[in-house]
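Here are a few notes to read alongside the structure. Take your time, and keep the 3D view open as you go.

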Amino acid sequence: MKKFLTMFMVLLLACSFTCFGKTKVQITGIQDLDGKKIGVQSGTTGEAWVQKNVNKVKLSSFKAGIDAALDLKIGAIDCVVLDELPATSVVKKNADLQIIRDPFFAANKEEYAIAVKKGNQEILDIINATIKETKENGVYESLIEAFMPIDGKIVVPTYKAPEASETIKLGTSAAFPPFEYVDGKNYAGFDIAMGEYIATKAGKKLEVVNMSFDSLIPALQAGTIDFIAAGMSVTEERKKNVDFSVPYYASEQVIIIKK
């Protein structure tokens, strides 16, 4: 009888795994990330933070946050670490996902800035002047309201390109809403709109060049693009390779999990 009960318990335990799946992963904050399968966007500060701070992590890097979210939905990874606003956009489109905020991330917000090739003071001055002017004349606030509305209804502002023979190239990675994303056949987002004002200030037409996030700095160094506006956080490592404008936005990392 004892042998029968033991075998019964073994079979019951096996069934609990095969029939009902493994024990649910519990993640309530960064203290639960060690040893987990984590998705990040390639080349971002979220990726760098996970690599540096999470022990025994099984890291998966994706071209876009939404790609990581799809793997999360099918159980290929346990969570996603991503910037706050793009994460909010992902969760808004996926009702089975939710955001976990951690006090550490909230206390260590990252500043976004626009990057130029080292030593390109001419373009840097134009960018800084544009950011300053848009904050003083109310344009900056109108862009915040347009792309980050309280009701969630984004209204893309109209833009009339200046008549100019020269072009200035904005490098971005259009998978990071609401800062840059594809809207029909066009590129849109807060950074794209800011780029339009920069182009107008420079007296040139804006050309948006879309590529993977981790290709942006090499492209800038090679002269393929003139500046980067891509929700890029200012870090000491990046400052070795590019010059940054004054910051224009502060964000924090969050964790996306399945409900």
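How much space lies in the largest cavity? Keep that question in mind; the third point comes back to it. Please remember throughout that this is a predicted model.

1. Let's start with strand β7, residues 167-172. It runs parallel to strand β10, residues 205-210, and six bridges join the two. To find your way along this pair, look for T167, which stands opposite K205 in β10. β7 also pairs with strand β11, residues 227-228, again in the parallel sense, over two bridges. Here L170 is a handy landmark, as its bridge partner in β11 is F227.

2. Next, turn to the helices. Two packed helices are described by the angle between their axes and the distance between the axes. For helix α6 (residues 121-136) and helix α8 (residues 190-202), the axes come within 9 Å and cross at roughly 115°. The crossing of α6 past α8 is right-handed. On the α6 side the contact involves I126, I127, A129, T130, E133 and T134, which meet M194, Y197, I198, K201 and A202 of α8. Sorted by class, the residues of this contact are seven nonpolar, two polar and two charged.

3. Now for the empty space. Rolling a probe the size of a water molecule over the atoms shows where such space is left. The structure holds one cavity of 30 Å³ or more. To answer the opening question, the largest cavity contains about 40 Å³ of space. You can pick out its lining by selecting T44, T45, D83, F176, F213, A230, G231, S233 and R238. That lining has three nonpolar, four polar and two charged residues.

Notes:
Residues are numbered from 1 along each chain as its sequence is written. This is a predicted model: local features need pLDDT of at least 70, side-chain atom pairs count only at pLDDT 80 or more; totals for chains, interfaces and linings use all residues. Side-chain values use heavy atoms; hydrogens and water are left out. Two strands pair if DSSP finds at least two bridges between them. Helices (H or I, at least four residues) and strands (E, at least two) are DSSP runs, numbered from the N terminus. Axes are lines fitted to C-alpha atoms, for helices over the stretch in contact, and angles run from 0 to 180 degrees between N-to-C directions. A crossing is left-handed if the near helix is turned anticlockwise from the far one by less than a right angle, and right-handed if clockwise. Contact means heavy atoms within 4.5 Å. Ala, Val, Leu, Ile, Met, Phe, Trp, Tyr, Cys and Pro count as nonpolar, Asp, Glu, Lys and Arg as charged, and the others, Gly among them, as polar. On a 1 Å grid over the protein atoms alone, a cavity is a set of points where a 1.4 Å probe fits but cannot get out, and a pocket is an open set with protein on both sides within 12 Å along at least five of seven lines; lining residues have an atom within 4 Å of a point. Grid points are joined across faces, edges and corners, and a volume is the space filled by probe spheres set on the points.
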